[in-house]
Amino acid sequence: MDSALIPEGVKRCSFGKFALAIMIAGGVLLWGVFAMLLVWIKGLNQTNMNDYYGFALWIWADLGVIALGGGAFFTGLLRYIIGKDELKNIINYAVLIGFICYSSALLILAIDIGQPLRGWFIFWHANVHSMLTEVAFCLSCYFGVLTIEYIPLILENRQIDKVPFFHNLAHNMHEVMAIFAATGAFLSFFHQGSLGGVAGVLYGRPFAVREGIFIWPWTFFLFTWSAAAYGPCFTLFVTRLTEKITGKKLVKQNVIELLAKISGWMMGSYIIAKIIDTWYWASVTAPARGFNLIDFYSNNPFYGIWILIVEIVICGVIPAAILLTPKGRSNSTLLFTALSLACIGVLINRWVMVLQVMAVPVMTFENWVMYIPSWQEVATTILPVAYGIILVMISFRYLPIFPQERELNP
Amino acid sequence: MKEEGKHKKAKKYGMVINLDKCTGCGACMVACMAENNVPFKEDESNKLDSITWMRVYKLTNGKSYPDADICYLPRPCMHCEGDHGHSPCVSVCPATATDYNHDTGIVSQIYTRCFGCRYCMGACPYHARYFNWWDPVWPEGMTKYLSPNVSARMRGIVEKCSFCFHRYQLAMNKAFVEGRSELEEDEYQTSCTQACPAGAITFGDLNNSHHKVNQLVKPDNNHGGRPMNPNAFRLLERLGTNPKVYYMSSREWIRRAGDNYIENEGQTKGQIKSHH
């Protein structure tokens, strides 16, 4: 039915199967859209946020998808600036995943603010001292860059490519892509960093605050570093997942292993920096404000020291060790385990830097406050996931995402 | 006239709350809500989403009879100065919707500019900032009793104690009409100060040595306004927020409850000594 749109030389499932999958994901998407409309029409009282949890599930999701979407800028940097040519075979997918993550992040922000119609105030009345201002500017600009990176991919659709103008446009855009990759890397450095800075500058919150250099707390650098380390893991994770679902090999093993190896080095060095940061914070920063490390991990029903161990050791040191060894990278199960752990690790880090910050009591006569999201919050958080699945399905079916697919599946 | 021509020293309005006098009656909370058109819900039992610019906390020393002791601690916005006006909330607001006024030391909230990102709430360690989760609903006829000097707030934005800034503006207007540029101490007082039946709250210019607040706490401006009176303290002094709300108590455990200390620490930290 839609065979004229499918790239030449590749096999896709029947249109009926494809439409059914789209409908299932679309159902979830509609559920999310319904919740989103409820929030926009009735307000943030539809959530379980409160005056203690001003930042909650959405901001975690926002930080989470931005970290996971970091694969786009870092893979682009490696491919176009550093010159790792093999990565051209995975860069399209990295861009697509990045595009989904960043468009989701912007949507989440639009839902999260109390007065969505005033969202533009962040640009108009910008406070240059606020990390959130930097996030807004760099995030929006980088989304523009990702759109520019995604457009040539759309133009390469079999039918669109037949139009000479679009064909030439796509070609010319590819020619100058290095400039956008460099711009993307520059912007990402700042918005990933400033997202880390959002927590690190909270000097009224001893759990979040960090020392730093000039105006940047250490979390600024740790967030950028972790996004560069863990983002490509998510790209590889989704690639592997796509391969499992479609039953096809889409990217050659040497490409996967190269990105996994670079990710491993980034993760290993990040984890060392994270351990040093945690140690310094626990032994100097927090005690200077009257807190022992254990104060942040006790007297509450959820946040125990386990969360620190899971984040740093199980989802940091272990996946880094796997990715750094040739055997770990070549073993499919080990690799997939490492990628999964890495994604969980960075999500835990972002959770801790948002929700645990809010939970920890600062005044001596207050207690820990726990929070459980409302269904509307859950639905609007799942919404981007459903949207992402739909966009991946459509893009995979109609666009030449994987240059090696034909060769690997003759 | 010679005085008039000189560049006037900036004011630093602040509050001193004597916790030994506070009975926890809540009159300050009621006065604040009435004065500032603070909205309320039908059911106010969930304190996590109800708005109380001034909130009275109950503290206990955790001991059993006969050593048990309690204290009520009223907590308005601290109007932190931070480092040169970079108070925790002002520096983080992305839309400049909250501002540090260097003439008065008051941290303002611009309701029409706030777009409800709530970053300031996350930044404030005192939980002095509140979000309007709902549009205000006033009981029938009550709109006639709202203060015309304070704008009512809409759903989706943050609000907080303003040290009754409208009263400052009214007092300044009056002074201007009378050809003055300075206010007398009693010309600008917050509603909570006036409502306190025990006289536990004192309000005035911390920079003015003739004002009671200055005399009570003796702020050390070389150290961010830290009180030199050994019975005075500020909440979470160690964080460096430099609040302009001071507390006083003759009881050591209360002074110590104002900040966090790691175990066995505190004998020499600040002016607060451990009672352990």
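Where does helix 10 of chain A bend by about 45°? The bend is at A:Trp281; a bend is the angle between axes fitted to the seven residues ending at a residue and the seven starting there.

This is a predicted model, where local features need pLDDT of at least 70, side-chain atom pairs count only at pLDDT 80 or more, and totals for chains, interfaces and linings use all residues. Residues are numbered from 1 along each chain as its sequence is written, while chains are lettered from A and ligands numbered from 1 in the order in which they are written.

**View 1. Helix 10 of chain A, from span to end.** Helices (H or I, at least four residues) and strands (E, at least two) are DSSP runs, numbered from the N terminus. The 36 residues of helix 10 of chain A should span 52 Å at 1.5 Å a residue, and the end C-alpha atoms are 50 Å apart, which agrees. The expected span is 1.5 Å times one less than the number of residues. A:Gly290 follows helix 10 of chain A and has a positive phi, near 90°.

**View 2. Helix 10 against helix 11 in chain A.** The axes of helix 10 (residues 253-288) and helix 11 (residues 306-324) of chain A come within 8 Å and cross at roughly 145°. Axes are lines fitted to C-alpha atoms, for helices over the stretch in contact, with angles from 0 to 180 degrees between N-to-C directions. Residues of helix 10 of chain A in this contact include A:Gly264, A:Gly268 and A:Ile271. Helix 11 of chain A brings A:Gly316 and A:Ala320, among others. Residues are in contact if their C-beta atoms, placed from the backbone, lie within 7 Å. By class, the contact has 11 nonpolar, five polar and two charged residues. Ala, Val, Leu, Ile, Met, Phe, Trp, Tyr, Cys and Pro count as nonpolar, Asp, Glu, Lys and Arg as charged, and the others, Gly among them, as polar.

**View 3. Helix 11 against helix 13 in chain A.** The axes of helix 11 and helix 13 (residues 332-359) of chain A come within 8 Å and cross at roughly 145°. Among the contact residues are A:Ile314 and A:Ile318 of helix 11 of chain A, and A:Leu341 and A:Gly345 of helix 13 of chain A. This contact has 15 nonpolar, four polar and one charged residues.

**View 4. Where chain A meets chain B.** In this view, 40 residues of chain A are in contact with 43 residues of chain B. Helix 6 of chain A gives the most to its side, with four residues.

Technical notes:
Two residues are in contact if their C-beta atoms, placed from the backbone, lie within 7 Å.
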